Amino acid sequence: MRSIAITNQKGGVAKTTTTVNLGACLAQMGKKVLLVDLDPQGNLSSWLGLDIHNLERSMYNVFLEEVYFEEVLTKTCVENLTLAPSNVALASVERILAHEKGRDLILRKRISSVRDEYDYILLDCPPSLGLITINALTFAKEVFIPVETKVLALNGLVTLTNTVQVVKERLNHSLEVTGIIACRFDGRTTLSNEVLNQMKDRFKEKVFNTAIRENIRLAECPISGKPISLYAPDSSGAKDYIELAKEVIEREPSDKETKK
Ligand SMILES: Nc1ncnc2c1ncn2[C@@H]1O[C@H](COP(=O)(O)OP(=O)(O)OP(=O)(O)O)[C@@H](O)[C@H]1O
Ligand SMILES: [Mg+2]
C-alpha cells in the first residue's frame with residue numbers, strides 16, 4: 001500500500017484536480033484506490049457527485065472519533081475507486097481538537113484498519129499547514145506536491161518542505177517528498193518553462209516527467225461529477241493524467257520499503 005498526501009498550502013494549484021484524476025487513472029489501471037477528502041471545501045467530494053451539504057457521515061465524524069473510518073466510505077462512479085468525503089463541518093475540527101493530546105495522530109490511528117485493503121491511499125489536503133495537513137503528513141509515507149506553473153511561486157515550497165521535515169523528525173520517520181507535479185503547464189509561455197526549469201533545478205528527479213497541461217476540459221470537469229478519463233477521454237488532460245499514473249506506478253518503491 002502506498003499512502004500519498006497531495007499537499008501545497010497555496011490555494012488553487014490543482015491538488016484536488018490531481019487527486020481525483022490521478023486516483024481515477026490508477027483505479028482504471030486495476031489498482032484499488034482510496035481518496036480521502038481532507039478539505040472543508042469538499043471539492044473532491046462534490047467533484048465525485050456527492051451532495052456535500054447533506055452528508056450523513058464524513059471525515060469530521062472520523063476526526064472526532066464518533067464513527068469508524070469504514071463507515072464514511074462511499075463507492076464512486078469508477079470501479080476500484082472509493083471516497084472518504086468531507087464538507088464544511090471539517091473546518092471546526094481544528095478548534096475542537098486544539099488542546100487534545102495526540103491530535104496529530106488521529107488520522108493514522110483511524111485509517112489503519114483499512115490500509116491493507118488498498119494499493120493507493122491519496123489524501124487531498126486543504127490549502128493550509130494546519131492540524132488536518134499535519135494529520136495527513138503523519139499518516140502518509142509519501143508527499144506529492146502539485147505546483148502551478150503559471151505563476152512564480154516556488155518560494156512557498158520552502159515552508160512546505162520544512163514542515164515535511166519537522167513532521168518526519170517528530171512524528172513519522174518514513175515520510176518523504178517523492179513527487180513534484182508541474183500543473184497547468186503551458187509550453188508556449190516563457191513563464192511555464194521557466195517555472196518548470198526552476199522546479200527541476202531544485203527538486204531534480206523528483207519532478208515527474210509528465211507535466212499536466214492547461215486544459216479547459218479539466219476546468220469543466222468537476223460539474224460533470226466524473227473524472228477526466230470518463231468526462232473527456234480524448235482530452236490532453238485525460239492523456240496527461242494517464243501518463244502521470246503510469247509514472248507513479250513505475251516509481252513504486254519495493255515491497256520492503258512500503259511496509260511501515
Ligand atoms: N490542468 C488544468 N487546466 C485547466 N484548469 C485547471 C487545471 N488544473 C486545475 N485547474 C483549475 O484550477 C482551479 C484550481 O484547481 P484545484 O481546485 O484542483 O486546486 P486546489 O489546489 O485543490 O485548490 P484549493 O487549494 O482551493 O483546494 C480549478 O478551477 C481547476 O479547475
Ligand atoms: Mg482542493
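Mentor: A polar contact is a pair of N or O atoms within 3.5 Å; within protein, one must be able to donate a hydrogen and the other to accept it, and residues adjacent in sequence count only if both atoms are side-chain atoms. The model is predicted, so that local features need pLDDT of at least 70 and side-chain atom pairs pLDDT 80 or more, while totals for chains, interfaces and linings use all residues. Residues are numbered from 1 along each chain as its sequence is written, chains are lettered from A and ligands numbered from 1 in the order written, and side-chain values use heavy atoms, without hydrogens and water.

Around ligand 1 there are 18 residues, of which Lys15, Thr16, Thr17, Arg184 and Asn215 come nearest; a residue counts if one of its heavy atoms lies within 4 Å. Lys15 places a polar side-chain atom 2.8 Å from an oxygen atom of ligand 1. The backbone also takes part: a polar backbone atom of Gly12 is 3.0 Å from an oxygen atom of the ligand, and a backbone N or O atom of Ala14 lies 3.0 Å from an oxygen atom of ligand 1. Of the 630 Å² of accessible area (Shrake-Rupley method, 1.4 Å probe) that ligand 1 has on its own, the protein covers 84%.

As for the fold, seven strands form an open sheet with mixed pairing, in the order β3-β4-β2-β5-β1-β6-β7. Strands are DSSP runs (E) of at least two residues, numbered from the N terminus, and two of them pair if DSSP finds at least two bridges between them. Because β3 (74–75) and β7 (176–183) stand at the edges with a single partner strand each, one side of each has no neighbour in the sheet.

Methods:
Helices (H or I, at least four residues) and strands (E, at least two) are DSSP runs, numbered from the N terminus.
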